[in-house]
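Q: I am new to this structure and would like to learn how to read its features. Could we go through them one at a time?

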Amino acid sequence: MASTTRPFIFALAFLTIYTALPLSLSQTTEAPAPAADLCNGVFISYSYTDGKQIAPTFPARQPYRFESVLTVLNNGEEDLKSWKVFVGFQHGEYLVSAANAVLADGSAYPGSVENGTVFAGFPQTDLKTAIKTAGDLTQMQVQVKLIGTQFGVAPPAVPMPANISLANDGFRCPKASLQGNNEMQVCCIVDSTVKTNITADEEFLPRQNGDLSIMYDVTRTYGSSYFAQVTISNQNSLGRLDSWKLSWDWMAQEFINTMRGAYPSVVDSSECIFGEQGKYYADLDFANVLSCEKRPTIIDLPLEKTNDTKLGMIPYCCRNGTILPTTMDATKSKSSFQMEVYKMPPNINRSVIIPPQNWAINGTLNPDYKCGPPVRVSPSQFPDASGLPVNSTAVASWQVVCNITQVKGASPRCCVSFSAYFNESVVPCKTCACGCPSNTAQTCSTTAPSMLLPPEMLLVPFENRTLKAKAWAELKHLADPNPMPCGDNCGVSINWHVLSDYSKGWTARVTLFNWGETSFADWFTAVQLDKAVPGFEKMYSFNATTVGTDGVNNTVFMQGLEGLNYLVAEVDGANPKKDPRVPGKLQSVISFTKKLTPGINVAGRDGFPTKVFFNGEECSLPDIYPSSAYRTSSAMMMFPVLLMVAVFMLMQQ
């Protein structure tokens with residue numbers, strides 16, 4: 001019996017010794033990332049759990065369902081406030097749902113995350129420490145269950161992200177490590193070399209700077225409802241909103257009962273009447289409820305409602321949706337409104353307030369904004385309604401920061417043309433500068449460069465330029481493409497004309513054209529000149545001043561003088577049956593000195609802007625500049641003629 005058991009005991013002992021060896025001795029693969037209990041920071045893991053092929057069958061780009069879990073665990077010494085994690089998706093992922101998180105850029109599910117995305121915590125925005133919770137994982141950790149579609153990675157291969165990392169400021173994350181083929185881990189620690197304005201003893205995160213700041217202040221709270229004040233503040237010297245539209249997602253079946261200072265774009269209570277809200281609030285008259293949409297869109301009120309006792313009487317309200325930059329008018333750089341919000345079970349408690357998520361804001365002919373998640377900040381203070389020299393404090397406050405961004409595939413909404421005293425031709429706006437009609441096969445070319453024009457054609461709508469453009473091309477021996485290039489399709493165009501260039505200075509002429517049906521009140525234009533701005537002297541028909549962007553004083557900010565601050569819309573010609581429509585037009589000369597810009601080459605590119613903005617929107621610029629070669633070549637051609645005339649006159653004497 002002993003002889004039969006001895007080999008088994010020996011094998012068992014050998015196996016025990018082998019498994020007790022360090023991992024680095026028992027295998028030669030890369031060492032794993034620190035396990036969660038060895039991470040003295042924020043531990044993040046991404047685990048792929050399941051996937052399968054889904055319809056349609058498309059071998060070139062086959063879709064597959066994927067399920068995964070993102071885990072964030074705070075093992076550090078301080079609370080992790082408003083956690084954010086980046087996941088570097090790389091397989092064309094389309095995210096359908098994510099439990100316990102929202103997209104930090106304000107996008108809603110479902111949506112594409114193919115270039116990677118940042119998740120923000122909701123409803124659990126903060127992760128406490130083990131020290132403060134006695135190791136309670138429900139307060140230290142959050143797990144985000146992801147479901148979506150990826151393309152091209154068929155099982156048993158696993159569609160893992162390129163990387164995962166903590167997106168909060170003040171942390172350092174190494175490259176995440178794979179554990180097997182379906183899990184990725186990383187331990188992020190506090191970066192002692194980075195200074196932040198976050199202190200450990202503060203209950204809330206400090207307010208952040210951005211192009212646009214939206215405050216969501218709860219001013220009064222009751223068991224089943226609360227009052228909130230929303231304030232939109234413009235913090236960008238070149239940013240602006242006209243006819244703003246603000247939207248968000250309610251996360252717990254809330255609805256808007258009353259409002260002052262703004263209004264829903266659609267007044268509709270039917271979703272409440274036929275939904276859970278109608279059952280719970282059986283005695284409420286829903287005929288007076290303003291909005292029951294999960295994602296309402298809010299618009300500003302007109303100016304005449306400012307002192308309306310029912311709808312107005314809110315500071316900074318009722319301005320037709322116009323928010324100006326502080327460089328233009330600080331008193332008009334904010335917009336504000338109040339609303340009464342009703343809640344639903346299980347949140348019928350005055351201390352339970354869930355801020356809306358997925359904020360978005362836009363305007364007409366304005367830059368595009370991307371908004372982050374609401375972040376809890378210290379309660380705002382307001383002048384007391386009693387008129388006493390004291391402030392009243394909000395019950396709770398959240399800040400939403402929005403930044404100007406260029407949406408992928410989006411076209412500008414304004415364009416620029418160049419011209420100069422030394423060239424007879426105008427370089428017009430680029431072909432399809434603001435987009436092109438979808439069906440142009442039989443009418444125009446979307447790829448051909450725009451044709452040079454005579455100066456007077458800047459006042460003529462594109463559809464009426466054809467004959468003159470062709471005649472000019474023939475006269476000046478320029479290209480005459482067939483089909484002709486499409487127009488710029490911009491509602492606003494700006495012509496920058498170098499007017500003169502002399503030893504001590506130079507001048508330019510700026511002309512604004514409005515080809516749209518909407519007039520612009522309190523318009524502004526900003527022109528970035530990389531080398532010329534230090535020499536700026538004055539404008540003659542506009543107000544102008546220099547402003548800094550990104551810490552560099554390289555921009556001239558222009559707005560209309562009193563009586564010239566209204567850019568009218570396009571109107572019919574004198575005889576609509578035969579005359580083309582006439583754009584709204586404003587014009588001014590701007591002068592520069594060369595004393596502070598020695599060596600400036602005005603006729604080269606130094607006299608032309610590198611960026612132009614209209615009402616905050618960055619405009620499309622031409623790819624080419626007016627050439628001074630025409631004047632030079634003309635002068636060279638005239639020299640022999642003049643020489644022959646002089647010789648002839650001498651011979652006659």
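Q: Which side chain does R581 meet in a salt bridge?
A: First, the general idea. Side chains of opposite charge can pair when their charged atoms come close. Now the case here, in a model that is predicted. R581 pairs with E570, at 3.0 Å from N to O.

Q: Where in the chain do R581 and E570 lie?
A: Both R581 and E570 are in the loop between strand 35 (566-567) and strand 36 (584-593). They are 11 residues apart.

Q: Is E570 buried or exposed?
A: Read the relative accessible area. Under 20% counts as buried. E570 has 16%, so E570 is buried. R581 has 33% and is partly exposed.

Q: What does K531 form a salt bridge with?
A: With D606. The closest N and O atoms are 3.8 Å apart.

Q: Which parts does the pair of K531 and D606 tie together?
A: Look up the element that holds each partner. K531 lies in the loop between strand 31 (524-528) and strand 32 (536-539). D606 lies in helix 8 (residues 602-606). The pair therefore ties together parts that are 75 residues apart in sequence. K531 is exposed, with a relative accessible area of 52%. D606 counts as buried, at 16%.

Q: How many residues apart are K279 and E276 in helix 6?
A: They are 3 residues apart in helix 6 (residues 276-280), which means a separation of about one helical turn. K279 is exposed, at 63% relative accessible area. E276 is partly exposed, at 42%.

Q: How do the lining residues of the second largest pocket divide into nonpolar, polar and charged?
A: There are 12 nonpolar, 14 polar and 7 charged residues.

Note on methods
Residues are numbered from 1 along each chain as its sequence is written. This is a predicted model: local features need pLDDT of at least 70, side-chain atom pairs count only at pLDDT 80 or more; totals for chains, interfaces and linings use all residues. Side-chain values use heavy atoms; hydrogens and water are left out. Ala, Val, Leu, Ile, Met, Phe, Trp, Tyr, Cys and Pro count as nonpolar, Asp, Glu, Lys and Arg as charged, and the others, Gly among them, as polar. Helices (H or I, at least four residues) and strands (E, at least two) are DSSP runs, numbered from the N terminus. Buried means under 20% relative accessible area, exposed over 50%, partly exposed in between (1.4 Å probe, protein chains only). A salt bridge is a side-chain nitrogen of Lys or Arg within 4 Å of a carboxyl oxygen of Asp or Glu.
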